[in-house]
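Here is a short briefing on one protein model. Please look at the sequence and the structure first.

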Amino acid sequence: MGLNYYKIKKNVLKARKLVIKGTTAAGSGHPGGSFSMAEIMGCLYYKHLKFDPKNPLWDDRDRLILSKGHASPGLYSNLAVAGYFEPAELETLRKFGSKLQGHPDLKCPGVEFCGGSLGLGLSYSIGNALAARLDNKNHRIYTVIGDGESNEGQVWEAAMAAVKFKTDNITAFLDRNFIQQDSYTEKIMPLDENLEGDDLSLMWKDASRWKIGDKWRAFGWNVIDIDGHRIEQIDNAIKKAKQAKGVPSIIIARTIKGKGVEHMEDNPQWHGKAPKPEMVPIINAELESHFVIAPSIIAGDMSNLEKEVKKCVVGRADYIHLDVMDGAFVPNTTFDHTKIKELRPLTIIPFDAHLMINEPVKHVREYVDAGSDIVTVHAEVCDESSFGEIHDILQQNGVGVGLAINPDTELPQWSHKFIENLEQLIVMSVVPGQSGQKYIESSHEKTQRLVSILKEHNFEGTIEADGGVTLENAGQCFTDGARAFVGGSAIIGQNDVRGIIREFRDTILKSRRRLLIQKANELGGKELVNEWIDLHVVGEKKNQLIQIAKELGFN
Ligand code: DX5
Ligand code: ZN
């Protein structure tokens, strides 16, 4: 698909960590709204936006107008990752004399608009859009507005004007995180409907209650509704918006304020507050331990893989794991790139193609052309030269690079030089060949060992546990170091795929919470553990954390 999924994701992580660094150093700032728009910014900066950090005022650049300017750390962090200035400069955030002020200022290269006085960015974007038209330029204007910001009447005046002037070179994003400075948007000035109580989750999940898209439609905009943390959905929406002729587009991105750090998520307190320095290593560990669920469709009905893909869509899978077997590298045969090509139009969920085939170098292009987002080949059938070729082809096409090792295989010496560019290492925990086998217990220890080897070689990718992963062992696999979880019989083999994926997430989340509590204990003993737990005020998280701390003997 050429999504460049992994590159975007790695940079989104870097940017989130810089937001933490900057706001902590400043002792103030807005992490919540920076995190709700983190994936949107990532898709723009690392895929769609035309810009040149060496020439910030290049005439043909696309314009990114951050109307909700208080989320400036989320802008600066991406400008740094994109190469406008050194990431270390984030430490000067909000300091006297710094170009990184609390609200964006034009003296910072890459900043297009002094946002922060809310409600103005869309009007300014219309001016830019009309200027581009007069100058016969085809650059685009991307505008990010907030939902709290939408209380401002000028937003709606601009909404009318953009349609009147047919500014189809504008793509706006509504960062719909449901929270504004003082409380939930649906309490202060509902965009959808009044919120009774403080539980946002029902509102977030129930599409029938979202009215804001209808408001924009009524104004004449091309409206695209998405989950604003799914890279593939943002990417697809940006592409669709580019195709709309004669009307401006708005992407209504449902997001979570503070997304990525549990105690900040959905918590109005984190609209504008900085983390305490002692919490930073724990927060970074949390950001680094993001995980994904990848159902393997061969565990379903092989005569109707289309149906299995649809189950993954309904189940909200993160990836779809595609096990290609050639009857030679492994005794079984499943399907090849032609099937992947047939399945591709059914969904935009990233395709995680695992090639259990001989001579992968001869076939890798076919899997790129079929629309894979990552292609993983086996170390047993590669050497330095053929893997080098595979690596180059995948990178040139914006496809993730993966390497897999069988239970009896260690990482070969030749692979070391590629580790820093690997997006994924599949650690097989069954002898590959079929789904439904039992997890080989020694894989736990092997994964733990691999983590340190990978670290030595600057691995920035993800370990994917593949084979015999179940609800019983997934938590331990996470503790070992796996961050992607293939589930064949344990997910696709089940009736309620959506329910089981949710259970997988909950189980792994529990392991993650345990890991973070252990980290807090290492860094500051029981006192820090309790402080960490006390940050978790929204939802049920706190009770589970208290329970885990008890189990560990920390309180
Ligand atoms: C094994 C495949 C796995 C397998 C997973 O050869 O690579 O992806 O299908 O299925 P379970 O989870 O049932 O082991
Ligand atoms: Zn597999």
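The model is predicted. The two strands, β3 and β5, pair in the parallel sense over six bridges. They belong to an open sheet of five parallel strands, in the order β1-β2-β3-β5-β4.

**Sheet layout**
- β1 (63–66) and β4 (222–227) are the edge strands; each has a single partner, so one side of each lacks a neighbour in the sheet.
- On average, neighbouring strands of this sheet are turned by 20° against each other, direction ignored.
- β1 and β2 (residues 141–146) run parallel and are joined by four bridges.
- Within that pairing, Leu66 has Val144 in β2 as its bridge partner.
- β2 and β3 also run parallel, joined by six bridges.
- Here Thr143 is partnered by Ala172 in β3.
- Between β2 and β3 the chain passes through helix α6 (residues 153–164), and this β-α-β crossover is right-handed.

**Cover on the sheet**
- Helix α3 (residues 38–48) packs on the sheet and touches β1, β2, β3 (170–176) and β5 (249–254).
- The direction of α3 makes about 165° with that of β1.
- Helix α5 (residues 121–134) lies across β1, β2 and β3, at about 170° to β2.
- In β3, seven of seven residues are buried.
- One side of β3 carries Ile170, Ala172, Leu174 and Arg176; the other carries Thr171, Phe173 and Asp175; all are buried.

**Salt bridges**
- The count of salt bridges comes to 36.
- Arg61 and Glu112 meet through their side chains at 2.6 Å, N to O.
- Arg61 lies in the loop between α3 and β1, and Glu112 in the loop between α4 (72–81) and α5, so the pair ties together parts 51 residues apart in sequence.
- Arg61 is buried at 9% relative accessible area, and Glu112 is buried at 13%.
- Arg230 forms a salt bridge with Asp318, with the closest N and O atoms 3.9 Å apart.
- Arg230 sits in the loop between β4 and α10 (231–243) and Asp318 in the loop between α12 (305–314) and β7 (320–325), so this pair links parts 88 residues apart in sequence.
- Arg230 is buried at 13% relative accessible area, and Asp318 is buried at 12%.
- Lys542 forms a salt bridge with Asp534, with the closest N and O atoms 3.3 Å apart.
- Lys542 counts as partly exposed at 26% relative accessibility, and Asp534 counts as partly exposed at 46%.
- Salt bridges with shared partners join Asp227, Arg230, Glu232, Asp318 and Arg505 into one network.

Key:
Residues numbered from 1 in each chain as written. Chains lettered and ligands numbered in written order. Predicted model: local features only at pLDDT ≥ 70, side-chain atom pairs only at ≥ 80, totals over all residues. Heavy atoms only, no water. Pairing = 2+ DSSP bridges. Axes fitted to C-alpha atoms, helices over the stretch in contact; angles between N-to-C directions. Contact = heavy atoms within 4.5 Å. Buried < 20%, exposed > 50% of the residue type's maximum accessible area, 1.4 Å probe, protein only. Right-handed = clockwise from strand over helix to strand, strands pointing away. Salt bridge = Lys/Arg side-chain N within 4 Å of Asp/Glu carboxyl O.
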